[in-house]
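Hello,

Here is the structure for you to open. My notes on its charged pairs follow below.

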Amino acid sequence: MIKKTVLKYTLNIGLMLTGFSLSAQNPIIQTKFTADPAPMVYKDTVFLYTSHDEDDAFGFKMKDWLLYTSTDMVNWTDHGVVASLKDFKWTDPENGAWAPQVIERNGKFYMYCPMPGQRGIGVLVADSPYGPFKDPIGKPLVKNSSDDIDPTVLIDDDGQAYLYWGNPNLWYVKLNKDMISVDGPIVKDPSIAKVKGSPDPFHYQEGPWAWKRNGNYYMAYASTCCPEGIGYAMGKSATGPWEYKGMIMDSDKRSNGNHPGIIDYKGKSYVFGFNYNLGKQTISKHYERRSICVSELMYNTDGTIQKLPFWNPEGVKRIATLNPYEKVEAETIAYSEGLKTEKKTEWERNNPYDTGKKITDRLVVSSINNGDYLKVQGVDFSKGTKSIDVSVASMYGGTIEIRTDALDGPVLGTVKVTGKAEGDIFKTINTPVKTIKGVHDLYFVFKGEKDLFYFDWWKFN
């Protein structure tokens, strides 16, 4: 079991110290440390690929990439590790899984990843946005200089794809239609490139993010260091020249770095980045333990972008509802405290020399102790309620208080988990609940002693 480290903190005091409220949505992931957001919209869903700071990181300690999905921009479902450095047989598998980006083309999904130790930029391919991702070329796609980090990809309207990257310079190269080979020379962008002794209005540092919208080409990036804000430039083509337009978000002393990821989704625009708030709730010194945030992005009529305040605690507004009559993974969370998520593999037998067949892999909510809770937003109880099913594996047992609209709101029902020493056996518990209709936020509040149970999924009847 993954033990709580820095994410376990006093329920209300920690919130007050950081200016959070119980309605806070930023950072959007609280069960792990996440950074370098790479959002992708595919078939009405936001796929958010992230890098991952380990819980005990002092500097950058990063081994794999994670995936979260959402259809309402507030409830995010954890899908665990989607790829890791071990998928590249030619690199160091121990540390250096920095900022990635995933893009879809012709039904395949291409994941561009910087490699540790100046080994270049690699590429993985999958038939599904959930993976599995595999290395199709067994070598770097690009190996140019010590600037080879932070890849971003743009496919132009004519079908030409471009790969950009770089710290402290911006580089680009054309990609072939196969997306796993380059077409032509690598170019150091002359409009953003730093010139010794001259002023640098761009303040380009790293973390480029390229996109096109309404005929305009955009390049956002982490600006200045350190701390880093998010600046942006606009151009008339995918290769510039880029004209500096200003800051999307100024730097802030509360956050050392930044890395933009920008999408349009369901008629709105969003910018993702990160801060250090989760870690700083319990630790005073600086560690590279980051947490992804999101804000709504607003464009002016001329295509320029309105400046945003530094990541507001409220996050963004919900744009859809959640169906409680279908199985909802417990790791679908709008906000939580004290919890982790982890993968649990269930085998036929409990014998390391003969495990038998694999029954299933589960991603579950773990590290559940007294006073911890998780919140989901916008649950649509249009059909009313009679009972709830929950899937749990009990260690010491406990209860789940299901409250509506507030952490101390009315109790809809209480699930009693009575089993003990059954942390490897998942059971479904059915519990009657009060009748409720309409759209409500739900709080699953956990009570008991010691490690309570693993929580797999829930469903209302």
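Is Asp250 buried, partly exposed or exposed? This is a predicted model, and in it Asp250 has a relative accessible area of 35%. Buried means under 20% and exposed over 50%, so Asp250 counts as partly exposed.

Asp250 also has a charged partner. A salt bridge joins Asp250 to Lys307, with 3.1 Å between the closest N and O atoms. The two sit in distant parts of the chain, 57 residues apart. Asp250 is in the loop between β15 (243-249) and β16 (261-265). Lys307 is in the loop between β18 (291-297) and β19 (328-329).

Strand β18 takes part in another pair. Glu296 and Lys268 form a salt bridge, their closest N and O atoms being 3.7 Å apart. Glu296 lies in strand β18 and Lys268 in strand β17 (residues 268-275), so the bridge ties together parts 28 residues apart in sequence. Glu296 is partly exposed at 28%. Lys268 is partly exposed too, at 32%.

Lys32 and Asp78 meet through their side chains in a salt bridge of 2.9 Å, N to O. Lys32 lies in the loop between α1 (13-18) and β1 (33-42), and Asp78 in strand β4 (residues 76-84), so this contact ties together parts that are 46 residues apart in sequence. Lys32 has 11% relative accessibility and counts as buried. Asp78, at 3%, counts as buried as well.

For the overall tally, a search of the whole structure gives 17 salt bridges.

Best wishes

Conventions. Residues numbered from 1 in each chain as written. Predicted model: local features only at pLDDT ≥ 70, side-chain atom pairs only at ≥ 80, totals over all residues. Heavy atoms only, no water. Salt bridge = Lys/Arg side-chain N within 4 Å of Asp/Glu carboxyl O. Helix = DSSP H or I, 4+ residues; strand = E, 2+ residues; numbered from the N terminus. Buried < 20%, exposed > 50% of the residue type's maximum accessible area, 1.4 Å probe, protein only.
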